[in-house]
Amino acid sequence: VLEIAVETDRLDAAAAVRFKARLPEVLSPGLTGAVIDLRRVTFIDSSGVGALLSVYRRFPEGTVVTLRA
């Protein structure tokens, strides 16, 4: 299971760009599960929600993705 931590307290437009840019370096073809760790996040704007959806769509089909808050 892949774990991706959001390292900032805000997932806004600026942070969303950095968050999405990290994904290609951690994806692997046989991935079956992933956890996106949002425990440090205290604020998410519409760009942050869009980033989460964009990242979700880039996982291989059948990958179980969980948000940890």
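Student: In what order do the 3 strands of the open sheet lie?

Tutor: In this predicted model, 3 strands form an open sheet with parallel pairing. The edge strands are E1 (2-5) and E5 (64-68), each of which pairs on one side only. From one strand to the next, the twist averages 20 degrees. The order of the strands is E1-E3-E5.

Student: How many bridges join E3 to E5?

Tutor: Strand E3 covers residues 33-37 and is joined to E1 by 4 bridges. E3 and E5 also run parallel. The number of bridges that join E3 to E5 is 5.

Student: Is E3 largely enclosed by the rest of the structure or largely open?

Tutor: In a regular strand, side chains alternate between the two faces of the sheet. For E3, one side holds Gly-33, Val-35 and Asp-37, the other holds Ala-34 and Ile-36, and all of these are buried. Because 5 of the 5 residues of E3 are buried, the strand is largely enclosed by the rest of the structure.

Student: Which residues is Phe-59 in contact with, leaving aside its neighbours within four places in sequence?

Tutor: Phe-59 is one of the residues with the most contacts inside the largest nonpolar core. Leaving aside its neighbours within four places in sequence, Phe-59 is in contact with Leu-2, Ile-4, Leu-23, Leu-27, Leu-31, Ala-34 and Val-65.

Student: What is the radius of gyration of the protein?

Tutor: The protein has 2 helices and 5 strands, which run β-β-α-β-β-α-β from the N terminus on. For 69 residues the globule rule gives 11 Å, and the protein's own value is close to that, so it is as compact as a globular protein of that length. The radius of gyration is 11 Å.

Student: What percentage of the residues of the protein count as buried?

Tutor: The protein exposes about 4,300 Å², of which carbon and sulfur atoms supply 54%. A residue is buried if its relative accessible area is under 20%. Of the 69 residues, the share that count as buried is 33%.

Technical notes:
Residues are numbered from 1 along each chain as its sequence is written. This is a predicted model: local features need pLDDT of at least 70, side-chain atom pairs count only at pLDDT 80 or more; totals for chains, interfaces and linings use all residues. Side-chain values use heavy atoms; hydrogens and water are left out. Two strands pair if DSSP finds at least two bridges between them. Axes are lines fitted to C-alpha atoms, for helices over the stretch in contact, and angles run from 0 to 180 degrees between N-to-C directions. The radius of gyration is taken over C-alpha atoms; the globule rule is 2.2 Å times the number of residues to the power 0.38. Buried means under 20% relative accessible area, exposed over 50%, partly exposed in between (1.4 Å probe, protein chains only). Accessible areas come from the Shrake-Rupley method with a 1.4 Å probe; for residues, only the protein chains shown count as cover. A nonpolar core is a set of buried Ala, Val, Leu, Ile, Met, Phe, Trp, Tyr and Cys residues joined through side-chain atoms within 4.5 Å. Contact means heavy atoms within 4.5 Å.
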